[in-house]
Amino acid sequence: MTTIDTVIVPEYVLQFVKGAERSILINGKREESSSGEFFDNYDPGTGQVIGRLARGNAADIDRAVRSAKRAFDSGWRDLKPGARARCLLSLAELVDENLEELATLETLDNGKPITESMYIDLAMTAEVFRYYGGWCTKFGGGVLPVSPAIGTAFAYTRQEPLGVIGAIVPWNFPALLLSWKLGPALAAGNTVVVKPSELTSLSTLRLAELALDAGFPPGVVNVVTGLGAEAGQALAEHHGVAKVTFTGSTATGRKILAASVGNLKQVTLELGGKSPNIIFADADLDTAVQGALLGIFMNQGQVCCAGSRAYVEESIYDTFIDKLNSAAAGIHLGHGLAEGSDMGPLVSATQQRRVLDFIGSGTAEGATLVCGGGTPEGDGYFVNPTIFTDVDDKMTIAQEEIFGPVLSVLAFKGENDVIARANASRYGLAAGIWTENLRRAHTVAAALQAGTVWINAYNMIDPAMPFGGYKESGFGRDLGADAMHAYTQTKAVWVGLD
């Protein structure tokens, strides 16, 4: 075992990190970048450099796309559905078998507590692969009853794979969100080139190796590490890519959409959010408090659907704040691999500065800081759990996606008031509702402009349920049957019978 500060990391994990300089995986082989350049990989819990990754560029993306196209044309697209299913199911089993290693890599890269990495992120990653393994033998076209104007015919449809998929994966849930893209893309018969975030590439590289062990032919899954402006841009622009799927910020999503127009490739964008979490006076307050904490402090608030705007009915506002503040005080910050850590660091120094700037704007614009607002002593990119009250809807902290552990609490008077204010955002990814009134729950859920609405719950995710946003939170859906359709195209076939 080797120690990073006071945190013990298994030696085999450190050896994988050290070997990540050859972090471009093309046609089943790990390579350095074509330029021979590297960039540093940091542990956000200590701020230390723990390794180097290959700085892939447009030339590496081109090699990866060509490799994926060869694999697509040489048999993967036509492989029997049962064979594709066995590959995905085998990959799910390998994720389960290597859960601790993958979770440790995830926490070293992202900073989140190992309990989140292991029991939420990687456990669900395996379930996503297992779910889409089941779709391989159950997804296809159908026979349609047609009445052509001329003659008679037998008509059917085929669902065919698109080709090479470019998957650009963010840093907040690297392994899990990779599975959201790989699962349906591979189940449908596509091949994939992955550009992981430059901040969190380790679990992606290990998963790509496990995909080879699971039986996926070389070239079906390729990985190019590198910077977004270089490797990511090249992938979005490449004419050999049939579709780009991206999860990340709305600003970057716009750039990817613009880059895709060269060959009119398909695009799925799951972007930012400023999700309202609405607590009515008749809610179970203790449960709602825990839901509000989970909604904003899970993964240090670095969640696209984070419930960063808590709307609390006026009659319970003060009581709710007291309970919320008391519960937040019990959150223990620490390195993600340290025992007892409830919340880890933010992913980078840049992200830490960004979040602290937003906190400063909240104070400057007149919001009341109830708790947090700064950083604890010591190394790493930590920000204390932060709660603001007396927030106005027009304040920066109520409008902009902070992507950190910062909660704005706003009072509301009734259903119509809170619906209008919750919808007064350019985002529409998710929302939460806490009430014991069945009519109210469904009425408000229908009125909210959000792709996902949780009632008396928050952050529930399942492979069978589609996930995506309204408005500037993007378009298209990950997960569920919707994603299978998103990675295929429909062909209509007519057979004349006269």
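Q: What volume does the second largest pocket have?
A: The second largest pocket holds about 300 Å³. Keep in mind that this is a predicted model.

Q: Which residues lie nearest its centre?
A: Those are Arg77, Arg84, Gln159, Glu160 and Pro161, out of 17 residues that line the second largest pocket. Two elements, α3 (81-97) and β8 (153-161), each give two or more residues to that lining.

Q: Which element gives the most there?
A: That would be β8, with 5 residues.

Q: And how do the residues of that lining divide?
A: The lining of the second largest pocket has 8 nonpolar, 4 polar and 5 charged residues.

Q: OK, on to the largest pocket. How much space lies in it?
A: About 920 Å³. The largest pocket has 40 lining residues, and Trp171, Phe246, Gly248, Ser249 and Thr252 are the ones nearest its centre.

Q: Which elements supply at least two residues of that lining?
A: You'll find α8 (228-237), β12 (243-247), α9 (250-259) and α12 (349-364) doing that. The top contributor to the lining of the largest pocket is α9, which gives 7 residues. By class, this lining comes to 16 nonpolar, 14 polar and 10 charged residues.

Q: Now the cavities. How many of 30 Å³ or more does the structure hold?
A: There are 2 cavities of that kind. The largest cavity has a volume of about 70 Å³, and its lining counts 15 residues, with Pro276, Tyr427, Gly428, Ala430 and Gln449 nearest the centre. Two or more lining residues come from each of α14 (415-423), β19 (427-428) and β20 (430-434).

Q: What classes of residue are in that lining?
A: In the largest cavity, the lining has 8 nonpolar, 5 polar and 2 charged residues.

Q: What about the volume of the second largest cavity?
A: The second largest cavity is about 60 Å³.

Definitions and conventions: Residues are numbered from 1 along each chain as its sequence is written. This is a predicted model: local features need pLDDT of at least 70, side-chain atom pairs count only at pLDDT 80 or more; totals for chains, interfaces and linings use all residues. Side-chain values use heavy atoms; hydrogens and water are left out. On a 1 Å grid over the protein atoms alone, a cavity is a set of points where a 1.4 Å probe fits but cannot get out, and a pocket is an open set with protein on both sides within 12 Å along at least five of seven lines; lining residues have an atom within 4 Å of a point. Grid points are joined across faces, edges and corners, and a volume is the space filled by probe spheres set on the points. Helices (H or I, at least four residues) and strands (E, at least two) are DSSP runs, numbered from the N terminus. Ala, Val, Leu, Ile, Met, Phe, Trp, Tyr, Cys and Pro count as nonpolar, Asp, Glu, Lys and Arg as charged, and the others, Gly among them, as polar.
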